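Reader: Put the model up first, then let's go through it one question at a time.

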Amino acid sequence: MDMASKPDWKLMASNRSATAVQVIPLILKWSPTILNRRLMFLIGIIMWFRRGNSVRVLESNLAGVLGDGKARDQIRSISRRNVISYIYCLSEICELPSMSADDLFSRVRIDGIERITDCLNSGTGLILALPRMGNVELVARWLAENVAPFTTVSAQYKSMAMNQILSHARSSFSMEIVHAGPHQIAHKMRGSRLNFYTLSERLRAGGLVCLIGDSDPTGNGLDVEFFQHRVRFPAGPATLSIHTGAPIITAAVWRGDGIYMGKLYEELPIPCENSRTRNIKALTQAMATAFEEPIRNHPDDWHHFNRLVQ
């Protein structure tokens, strides 16, 4: 996708395969600013109404976490708000490179941020684990510029357009990215061992590592109970914590009244059983349990388009 090319609106209108990810950067570049938010809303409505595979998976996940007793109309209503919110997130990610520091600062309010600074000031590394809520990319830039630089892991998306958008957005601020391709995420593979070593070194040096904790794209994670369902969560955060002694703090972000609100929760206690495997499983379960409260309270902002709840 050439971000500088002028869009062919007739071609996109006739092309059912044109995705929101492809269209949004072009709209933001070529449409009047005053219309952008209305156009994003329209894209969200179209994406939701067409009810493609991503939306159906989202609704399956929402039905699982909100309770199987929820009426279908209720789930559809929540998914509608969720998809529209997600489209707004994508548009904000596209705008990140041109967003001023003051504008960015005014858009985010996080409670408990002192938990990060207190931990890092003591010389202890910290793992910040988050579910896929709110605009993680925007908050990542806010965190890097206002709290502390950090290291994270980024996997490649199937969509080249999405990879291009994220790469362009991340060029606007400083964070260390450990890239994990689709064949490098599995725990026993060479690329994964290299990533694990890099993250461990950053934590032992007293650094901050931020990881998405509710997505296991490889299926090689651990079974946990999540909203009374058996699902697979990544073992990475817990494994790093047990290996380095760095604590895990969970956090979540959601859309408030015109800004992103967020909260950092209590540090997860590190289990002290004799079995390393049981310690990792117990800590992963604690992380999953900690994610339930913000997701239950803000389902409109839980943008989980990969099948989690069967």
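This is a predicted model: local features need pLDDT of at least 70, side-chain atom pairs count only at pLDDT 80 or more; totals for chains, interfaces and linings use all residues.

Reader: Does H4 pass H5 in a left-handed or a right-handed crossing?

Author: Helices here are DSSP runs of H or I with at least four residues, strands are runs of E with at least two, and both are numbered from the N terminus. A crossing is left-handed if the near helix is turned anticlockwise from the far one by less than a right angle, and right-handed if clockwise. By that rule, the way H4 passes H5 is right-handed.

Reader: At roughly what angle do the axes of H4 and H5 cross?

Author: Residues are numbered from 1 along each chain as its sequence is written, and side-chain values use heavy atoms, with hydrogens and water left out. Axes are lines fitted to C-alpha atoms (for helices over the stretch in contact), and angles run from 0 to 180 degrees between N-to-C directions. For H4 and H5 the axes come within 10 Å, and the angle is roughly 120 degrees.

Reader: What does that make H4 relative to H5?

Author: Under 35 degrees counts as roughly parallel, over 145 as roughly antiparallel, 65 to 115 as roughly perpendicular, and the rest as oblique. H4 is therefore, relative to H5, oblique.

Reader: Which residues of H5 make the contact with H4?

Author: Contact means heavy atoms within 4.5 Å. On the H4 side you'll find Val55, Leu58, Glu59, Leu62, Ala63 and Leu66. Facing them from H5 are Ile75, Arg76, Ile78, Ser79, Asn82 and Val83.

Reader: And by class, how many nonpolar residues does the contact of H4 with H5 have?

Author: Ala, Val, Leu, Ile, Met, Phe, Trp, Tyr, Cys and Pro count as nonpolar, Asp, Glu, Lys and Arg as charged, and the others, Gly among them, as polar. The contact of H4 with H5 has two polar and two charged residues, and the nonpolar ones number eight.

Reader: Now H11 and H12: within what distance do their axes come?

Author: H11 covers residues 236–244 and H12 covers residues 276–297. Their axes cross at roughly 130 degrees, so the two helices are oblique to each other, and H11 passes H12 in a right-handed crossing. The axes come within 8 Å.

Reader: How do the residues of the contact of H11 with H12 divide by class?

Author: From H11 come Pro237, Ala238, Thr239, Ser241, Ile242 and His243, meeting Arg276, Asn279, Ile280, Leu283, Thr284 and Met287 in H12. By class, the residues of that contact are six nonpolar, five polar and one charged.

Reader: Zooming in on threonine 239, what is it in contact with beyond its sequence neighbours?

Author: Threonine 239 sits in H11 and counts as buried because its relative accessibility is 8%, where buried means under 20% relative accessible area, exposed over 50%, and partly exposed in between (1.4 Å probe, protein chains only). Leaving aside neighbours within four places in sequence, the partners of threonine 239 are Phe196, Arg276 and Ile280.

Reader: What relative accessibility does leucine 143 have?

Author: Leucine 143 is in H8, a helix with eight of its eleven residues buried. Not counting residues up to four places away, leucine 143 touches Ile113, Ile116, Leu128, Ala148, Phe150, Leu208 and Cys210. Leucine 143 counts as buried because its relative accessibility is 7%.

Reader: Glutamine 228 has a positive phi; near what value?

Author: Most residues other than glycine have a negative phi. Glutamine 228 lies in the loop between strands S6 (222–226) and S7 (229–233), and is exposed because its relative accessible area is 75%. Its positive phi is near 65 degrees.

Reader: Is arginine 51 buried or partly exposed?

Author: Arginine 51 lies in the loop between H3 (33–50) and H4 (53–66). Although not a glycine, arginine 51 has a positive phi of about 50 degrees. At 28% relative accessibility, arginine 51 counts as partly exposed.
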